[in-house]
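Here is a quick tour for anyone opening this structure for the first time. Have the sequence and the 3D view side by side as you read.

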Amino acid sequence: MAYEDIPYEERPVSDRMWEMREKIRDRVITVDSEAAELITEADKELGPMLPYMKHSKRLKAALVGHECRVEDFEMLAMNRGREFCGNSQNPFWGAGFGPIMGVMSGRWTLRDDGYYHNPDDAEAHMACKKEDYDKFLEYAEYWKGKSMNDVIDPVVPAGYREIQEVGGSPCGDYPIIMLPAGHFTPGYQHLVTTGYGAIKKQAQDWLDAHYNNLMGDDTDKYMFYTGVVDICDGMITMTHHYAEACEKKAEETTDEARKKELLEMAEGLHWVAEHPARHFREACNMVLIYIQEIFLDGIGDIGSCGRFDQYTWPLLKKDLEDGVLTMEQAQEIVDCFFLKIGSIWSGGEGPMTQIVGVGNTYMHTTVGGVDPDTGEDATNPVTYMVLAAVGRMSLHDPTISLRVNKNTPDKLWDTAIKVNKMVGGLPLFQNDEQIIPGMMREMGFELRDARDYAIIGCQEITGQGTDYACCNGVIPPNTNLHYSALLDMSLNDGINPYTKKQSSCHTGYLYEKKSMDEVKDAWYKISEYTLRGVMSMNNFAEYVFQHYSPFIGISMFMTGCMESGMDVT
């Protein structure tokens with residue numbers, strides 16, 4: 001059965017998906033101490049271990065100990081926190097202690113429900129149970145001097161302090177590192193077609209072959225492959241726990257149809273804990289749980305769900321041919337997937353919440369485009385299902401990009417334009433005819449990888465599972481330059497009139513300049529000086545990441561990492 005033979009229809013949103021949508025829109029984001037407790041206790045037990053190896057072992061402890069759950073209205077299992085729309089964050093990055101600052105400042109108040117709540121007029125409603133707050137206090141004390149920023153702050157190059165103080169960039173009082181930068185597309189297609197069991201075996205085979213025989217750069221590879229085994233063990237265990245949560249929920253329900261569905265979910269989760277996906281639902285659930293692992297590892301801005309329609313369609317096509325799913329059931333799974341993505345937003349307070357946007361996960365999803373092997377248009381039924389999910393439920397997150405080319409079907413254009421009118425701005429349109437040759441010409445991509453590009457975050461172009469695009473520089477706001485402030489500095493011998501601080505780059509005063517060319521030269525001079533300083537901090541931060549915070553969970557499914565025994569960082 002060719003996909004052209006499958007009729008596309010706009011199907012109504014099911015009652016339970018609409019219920020889920022409303023719960024997400026009306027959410028109170030609860031921040032719990034689960035990850036802080038699991039990672040802190042693991043850190044204590046591991047003691048003074050090499051940071052590279054300690055990182056993956058702490059993460060494994062958090063994965064194994066995570067309290068897995070499934071809601072009554074869900075068809076896919078994954079939860080970041082102990083409660084729906086909750087989250088629990090890695091204390092190594094410090095971000096998990098945000099509620100402490102809110103409570104200590106008096107902004108958050110304890111209410112009759114036993115939770116501290118932020119103000120009712122806040123852009124996003126957040127809460128933290130009193131017991132969790134007390135644990136946060138305890139664990140925050142433990143992590144003083146041990147967080148990622150504590151490691152790097154005492155040894156940053158001296159120029160960073162100048163950049164902070166002078167004000168040519170928005171560094172201000174920000175530490176050099178708060179979170180990893182993210183901004184990449186994980187190798188989802190490798191995940192769903194390979195599975196954790198095969199990756200673990202590949203790593204263990206290398207370790208067995210090099211038992212008592214580490215030569216040359218084998219020591220680096222030994223640490224990498226040991227970390228792979230740790231993360232795979234953690235993911236395998238956690239996925240089995242999600243299956244058990246489905247089984248428990250099945251025992252509690254009297255609805256026979258729901259019981260059957262939960263047991264099917266459980267059976268699928270037990271399978272994909274170690275094997276590649278066999279079915280459409282299994283692939284969707286694998287991706288969600290993998291995204292949870294990446295978030296837990298500290299990358300709060302992954303930036304992409306990749307080419308969702310391309311890596312899931314082969315499985316859905318087989319399910320339809322085998323009678324495993326109907327198109328109606330498949331659409332509901334797609335609806336649930338994108339609602340689940342929307343539910344993982346971790347919240348925020350202050351101006352940044354307004355700037356970034358309430359609910360903005362940055363989990364940009366790409367559909368449409370061309371086949372990477374043939375270059376032919378790759379539109380399929382999932383392409384339409386994603387657009388239908390966005391349009392019918394009026395979703396503004398995750399952002400959706402539609403890749404278009406000279407052979408994009410008229411029906412797809414019509415559908416996308418209709419959805420754009422319904423939602424306002426989605427999908428975005430990305431032109432394959434310009435982007436693919438541009439990636440080859442300007443970024444050095446080979447043709448196949450360029451054809452397989454995905455859009456991330458704020459419309460950045462990346463390879464799909466082949467490209468760690470943004471690496472691990474300083475937290476993104478710090479990498480911006482205030483060119484207007486730099487212009488003021490260029491006219492005042494490197495002094496910022498707003499901060500009264502002097503840059504090491506002297507440019508002379510405006511009254512000393514005899515032409516506009518001299519003004520331009522001064523502006524270029526201090527801009528280049530400041531930009532080089534920011535890039536120096538990026539390079540320094542990336543060096544530290546290699547040794548203190550490898551991202552092995554990402555690396556396992558990135559092209560080249562398992563073959564070379566090298567982490568993406």
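## Helix 12

Let's start with helix 12: its 17 residues should span 24 Å at 1.5 Å a residue, and the end C-alpha atoms are 25 Å apart, which agrees. That expected span is 1.5 Å times one less than the number of residues. Helices here are DSSP runs of H or I with at least four residues, strands are E runs of at least two, and both are numbered from the N terminus.

How many residues of helix 12 are buried? The count is 17 of the 17, so helix 12 is largely enclosed by the rest of the structure. Buried means under 20% relative accessible area, exposed means over 50%, and partly exposed is in between (1.4 Å probe, protein chains only). Just after helix 12, G298 takes a positive phi of about 115°.

## What you are looking at

This is a predicted model, where local features need pLDDT of at least 70, side-chain atom pairs count only at pLDDT 80 or more, and totals for chains, interfaces and linings use all residues. Residues are numbered from 1 along each chain as its sequence is written, and side-chain values use heavy atoms, leaving out hydrogens and water.

The protein chain has 23 helices and twelve strands. Of its 569 residues, 55% count as buried. The C-alpha atoms fill a box of roughly 80 × 60 × 60 Å along the principal axes.

## Helix 11

Helix 11 covers residues 256–272, and its end C-alpha atoms sit 24 Å apart, in agreement with the 24 Å its 17 residues should span at 1.5 Å each. Its buried residues are R258, E261, L262, M265, A266, G268, L269 and V272. They cover an arc of only 165° around the axis, which puts them on the same side of helix 11; the arc is that of the directions from the helix axis to the C-beta atoms.

On the other side of helix 11, E256 and K260 are exposed. And what covers the buried residues? The cover includes helix 1 (15–25), helix 9 (196–209), helix 10 (218–252) and helix 12 (280–296).

## A spot in strand 1

T30 belongs to strand 1, residues 29–30. Is T30 buried or exposed? At 8% relative accessibility, T30 counts as buried. Leaving aside residues up to four places away in sequence, T30 touches E83, C85, G86, N87, Y115 and A127, where contact means heavy atoms within 4.5 Å.
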